[in-house]
Structures are given as C-alpha cells and as structure tokens.
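Q: Hello! Could you take a close look with me at the place where the two chains meet? I would like to go through it piece by piece.

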Amino acid sequence: MSFFEKPSFIGGGKKKQIPNGLFVKCPGCGELVHNLELQENQHVCPNCEHHFAFGARERLAHLLDPESFVETDTDLRPVDVLGFQGAAAYKERLQKYQQKTGLVDSVVSGLGKLDGREVSIAIMDFEFLGGSMGSVAGEKITRAIERATARQLPVIVISASGGARLYEGMFSLMQMAKTSGALALHSQARLPYISILTNPTTGGVTASFATLGDVILAEPKAMIGFAGPRVIRETTLQDLPPGFQTAEFLESHGLVDIIVSRKKLRETLISLLAYLCCATPQSV
Amino acid sequence: MNTLPLEFEKPIVELERKLEDLKRHLHGQEVNADPEVRRIAERIDKTRQHIYRNLTAWQRVQIARHQARPYSLDYLRLAFRDFIELHGDRLFSDDKAMPGGLATIGEFKCVVIAHQKGREVKENVRRNFGSAHPEGYRKALRLMRMAEKFGLPVVSFIDTPGAYPGVGAEERHVSESIAVNLREMMILKTPTVAVVIGEGGSGGALGIGVSDRVLILENAYYSVISPEGAAAILWKHRQHAAEAAEAMKLGARELQEFGMVDEIIPEPLGGAHHDHEASARALQEAVLKHLRELRAVPADELVAKRYAKFRRFGAFEGGKAI
Ligand SMILES: [Zn+2]
C-alpha cells in the first residue's frame with residue numbers, strides 16, 4: 001500500500017461556493033442547492049438534473065456493491081520524465097494537485113462488484129490536472145484491462161479528461177496506443193468493455209479507449225469531443241451547430257449508445273452486464 | 001522549387017548570392033579555379049554544416065514543415081514503383097489528405113498509406129494541409145485489413161499537423177476512427193513499418209503509426225501536440241512555441257532514446273528539401289532493411305512483439321508488482 005493513500009475522501013465540497021460554503025449555485029437552473037443535498041444526490045441537481053463534477057472515489061462509493069472495492073496499483077506515482085520547465089514546472093503542478101485532491105494521479109482503479117458480479121474498473125478524476133492522461137493514468141487503465149483479460153472479467157472505464165498530459169510529451173501520446181492495444185486483447189477474449197463518458201471527455205482519451213466500448217454510455221449534457229470548440233472555430237471560421245459536442249449530439253450522431261443519468265448508472269450497468277457477461281457458447 | 005529560405009538559412013543564402021554574383025562577374029573564365037570562388041564555396045559548406053549540426057528543436061520543426069520538403073507522394077515516386085492508388089473508405093468519401101494503395105519497394109509488394117500535404121495553395125486545399133478526416137483513418141484501416149488478408153506488409157508515411165479539427169470530423173467521430181485504428185493496428189497479422197517523414201502531429205499521426213517498426217527522418221518531429229498548441233496552453237501564448245518545442249523533446253534523437261522510434265533516417269546536409277533523390281534513397285534503404293527483418297517473423301510473434309513494445313512506454317515510479 002502506498003503512503004499516498006488517504007484514509008477517506010470527502011469530495012465535491014471544493015466547488016465555487018457561496019459565502020458560508022453550504023450552498024452551491026447550480027449552473028443548470030441557477031438555484032442555490034445545499035451541499036449536503038448534492039452529496040446525497042450524487043452531485044446531481046435535485047431541481048434540474050444538472051450533473052456536477054464527481055470525484056473518482058465518491059463515484060466508486062455510489063456505483064459498486066458496498067465494501068466490494070479493492071483498489072489496485074496504488075503505488076504508481078507520476079514522474080517528471082522530460083524535466084519539464086515551462087511557464088510552470090511539472091513537478092510543482094503534480095505536488096499542487098496531489099495536495100489539492102488527495103489523489104496521486106488522475107485515475108483510481110481496482111476490482112469491485114456490481115450486484116455480486118466481479119468487474120475491473122478504472123475511473124478518471126477531472127480534478128487532478130484536468131483528468132489528463134499521462135503515464136500513470138495510461139498504465140493504470142492498461143493494467144485494469146489486462147487484469148480483466150487475465151481473470152475473464154468485464155472492464156468498466158469512466159472517463160473525465162481534457163486529453164493528453166502535455167508535460168509528459170510523447171509518453172502521454174503512447175498511452176493511447178497502450179490502452180487501445182490492451183482492449184484489443186480483451187476483446188479477442190470475448191469479454192465486455194463498457195465505456196462511460198462524463199463531462200468532459202476530449203482529446204487523446206476520446207481518441208483511444210473511451211470510444212472503444214462494446215457499449216458506450218454518457219452522462220446527460222456531458223461535453224464530448226476530439227478537438228476543443230475554440231480550436232474548431234478558429235480553424236474553420238465556421239459557426240458550431242447547436243448542441244455541438246454534447247452527449248445528446250453524439251447520441252443522435254451515432255457514437256453514444258445510451259445517455260444515462262448518474263443515478264441510473266448502477267442499474268444500467270448491472271442490466272447490460274447480465275446480457276454481455278459469461279456468454280454461453282450457444283452462439284459460437 | 002522556389003520557396004523562401006527559413007530564417008536560420010539566410011546566412012547560407014547570402015553567401016550563395018555572393019557566389020553567383022562573383023561567377024557572373026568572372027563570366028567566360030575558369031570560375032572553379034578562381035581562389036575567391038573556392039573560398040566562398042568552402043564558406044558555404046562550413047556555414048551549412050555549422051547551422052545544420054546545431055539545429056534547435058524549433059528549427060527542426062520548421063524544416064519538418066518546409067514547403068520544399070519531399071512529401072509522401074514524392075517518396076512513392078522516388079523510392080517505390082508501380083503505385084496503384086485505391087480510393088475511399090466505402091462509407092462516406094475519399095480523403096485526399098490520406099492517399100493509399102498498392103506499391104512495390106525493392107522485392108516487396110505492399111500496401112502504402114500516407115498523409116499527404118500540398119505545395120501550392122490549390123493542392124494544399126485539396127489535401128486539406130495534410131489533416132485527415134475520419135474517412136482517411138477508415139480508408140487506412142480498410143487497406144490495412146486488405147494487406148492482412150493478402151499477406152502484404154504495410155508501410156505508412158506520417159506527415160500531418162494533426163487530424164482535422166472541424167465540424168464534419170467531429171460529427172463523423174474522428175476520435176473513434178483513430179481509436180479503432182490504434183486497437184486494430186496492434187493486432188494486425190502482417191508486418192508494419194511507419195516512417196515519420198515530416199510532421200508527426202499527435203493522435204492524427206499515431207492513428208497510422210502503431211507499427212512493428214517506427215522510423216523517423218533526421219529532422220522530422222513527433223509530438224503529443226504542436227509546439228504552438230503547447231505554448232498556447234502552457235505559456236498562454238503561441239509566441240513561446242520555440243520553448244515548447246524544446247521542452248517537449250519531440251526530436252528524432254530524443255524519441256530514439258525513449259525507444260519510441262527504432263531508427264533515424266539521415267537527411268542530406270541542409271535537410272531533405274535540399275536533395276529529394278538522396279532522401280528517397282536513404283528512406284528506401286531503411287524501409288527495405290526493416291521489411292527484410294520482419295519478413296521471417298511469424299504473424300503471431302509479430303503481434304506479440306508489437307504489443308510488448310508499445311506496452312513498455314510510460315515513465316512512473318513504483319508499480320513493480322503487477
Ligand atoms: Zn439545477
């Protein structure tokens with residue numbers, strides 16, 4: 001076990017807050033929502049269903065069978081492989097976000113159960129450097145997939161990422177090949193992979209494991225895309241269509257299988273896995 | 001080809017102009033015997049050597065983008081023969097930024113897929129400046145599967161600023177088209193060689209680059225994001241592109257140290273744009289060498305080795321016990 005491990009995680013309380021810290025203004029409906037109410041409601045606005053950011057550990061607590069999660073690869077730590085000195089030094093950024101989030105990097109992974117069925121799972125946390133994928137995130141996701149292949153388990157990845165970890169240069173880019181390659185072997189073993197896209201999922205994460213699910217789910221109104229809207233507007237000098245790069249847009253354009261409210265995610269996964277798991281040889 | 005010299009090439013150009021003037025002045029005489037002519041010619045050589053042996057990362061990026069640099073179709077013409085272009089992804093359209101087809105190099109019949117830029121404005125628009133749409137990646141995959149089916153090796157040429165960031169590209173899921181290529185290239189049961197000939201722009205480059213061997217030209221670059229893009233995000237201004245290029249370690253030598261490229265193909269002094277034929281000869285020799293090495297390897301072993309190679313990439317502490 002890593003010495004970085006924190007005893008418990010009380011998340012979601014660090015959003016932009018109204019004076020006494022008890023209320024959050026909902027960007028969906030503009031109402032003030034009590035923090036406790038949000039926490040009890042998986043950070044979904046009780047008035048308008050707006051999905052607030054959701055930390056990886058909190059997500060796990062709500063998604064999996066109680067007490068079933070065993071975290072893996074907790075001792076993987078990021079390094080400043082390029083000696084990146086720029087406008088900000090990578091080492092300092094890492095320290096800052098490790099302190100701020102209580103996470104070592106942007107992915108939490110492990111084994112857990114969904115209605116008694118064992119699954120391998122990896123979850124990205126946007127609060128850690130924008131959920132960017134560097135070597136540690138790529139390695140954890142790859143190991144989660146390989147573990148699933150070795151144990152004949154389904155794999156679930158929940159994405160929330162701005163894309164590549166620029167501070168790691170090409171090491172970051174190569175995580176795309178690594179994770180996608182691991183999924184090739186998992187798929188050849190005829191095991192299910194469910195990818196869940198949350199706000200936001202962009203760049204190299206979208207262009208690798210996140211869009212390779214046998215089933216792709218997305219949270220309502222999540223921003224999902226390859227290039228950022230500003231880059232697209234500047235490159236094409238074109239107006240962007242309404243709803244561009246939202247989960248709903250991608251469902252109607254054929255990428256996303258189902259848009260699932262966070263509160264229905266657990267039951268949806270259980271139903272899907274019941275169909276896809278332990279495939280009997282009847283169809284072979 | 002008449003293109004403007006790069007900023008750092010100007011001392012060479014000035015000397016060359018001086019030499020021309022002198023030769024014109026000496027019209028009719030034994031120019032090459034003139035001591036002044038020889039002196040200037042030597043200085044040109046020395047200056048070029050000095051500049052090209054001390055290139056910064058940013059200067060290399062500029063060479064990699066040079067308009068007179070050989071592009072994929074130039075290499076297909078000079079290093080390959082009997083190219084038959086095959087069009088379309090069978091789904092939506094034919095992406096001119098990603099030509100592909102059948103071609104022969106040395107004793108190898110292969111499938112070739114490539115990013116293609118254009119030189120003049122009109123051709124550049126047609127080629128979309130070498131930025132492919134999802135159709136390009138899907139055509140590439142179609143051709144790679146054909147290669148697998150008929151036992152042909154795949155050679156891909158990487159030369160793109162990146163996959164195209166546009167509305168249509170997003171609507172037709174360029175990210176998914178790249179992701180599928182990454183997954184399928186990893187298990188393709190035929191030898192694959194990728195060559196970064198100019199710009200290796202991010203996921204758009206990797207989308208045809210998960211290969212048994214990845215080669216790179218001496219002055220090409222391969223990066224997770226363009227130096228301008230990194231500067232805009234990390235320095236908040238594009239004018240820091242030179243620093244970003246340096247910081248990201250995107251040059252051929254650094255990538256070879258990281259194990260991400262298997263061989264650096266030398267360019268003629270003064271860059272590939274200086275001598276297309278010599279560049280093509282060097283590329284041909286390198287590609288043939290790797291195809292010959294891969295020819296004997298059974299397909300299952302190729303795939304296992306390819307996976308093991310990409311599986312290694314990553315820098316972290318801990319995590320020994322898997
Ligand atoms: Zn609301």
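Which residue is the bridge partner of A:R77 in β9(B)?

A: Happy to! The bridge partner of A:R77 in β9(B) is B:E317. Before going on, some ground rules: this is a predicted model, in which local features need pLDDT of at least 70 and side-chain atom pairs count only at pLDDT 80 or more, while totals for chains, interfaces and linings use all residues. Residues are numbered from 1 along each chain as its sequence is written, and chains are lettered from A and ligands numbered from 1 in the order in which they are written.

Strands count as paired here if DSSP finds at least two bridges between them. The elements themselves are DSSP runs numbered from the N terminus, with helices being H or I of at least four residues and strands E of at least two.

Now for the wider contact. It draws 52 residues from chain A and 49 residues from chain B, where two residues are in contact if their C-beta atoms, placed from the backbone, lie within 7 Å. On the chain A side, the elements giving two or more residues include β4 (77–78), α4 (135–151) and α5 (169–188). The most comes from α5(A), with 14 residues. By class, this side of chain A has 27 nonpolar, 19 polar and six charged residues. In this scheme Ala, Val, Leu, Ile, Met, Phe, Trp, Tyr, Cys and Pro are nonpolar, Asp, Glu, Lys and Arg are charged, and the others, Gly among them, are polar.

Let's follow α5(A) across to its partner. Two packed helices are described by the angle between their axes and the distance between the axes. For α5(A) and α8(B), residues 174–186 of chain B, the angle is about 65 degrees and the axes are 8 Å apart. Axes are lines fitted to C-alpha atoms, for helices over the stretch in contact, and angles run from 0 to 180 degrees between N-to-C directions. The crossing is right-handed, meaning that the near helix is turned clockwise from the far one by less than a right angle. From α5(A), the contact uses A:M176, A:A177, A:S180, A:G181, A:L183 and A:A184, and these meet B:A179, B:L182, B:R183 and B:M186 of α8(B). Sorted by class, the contact between these helices has seven nonpolar, two polar and one charged residues.
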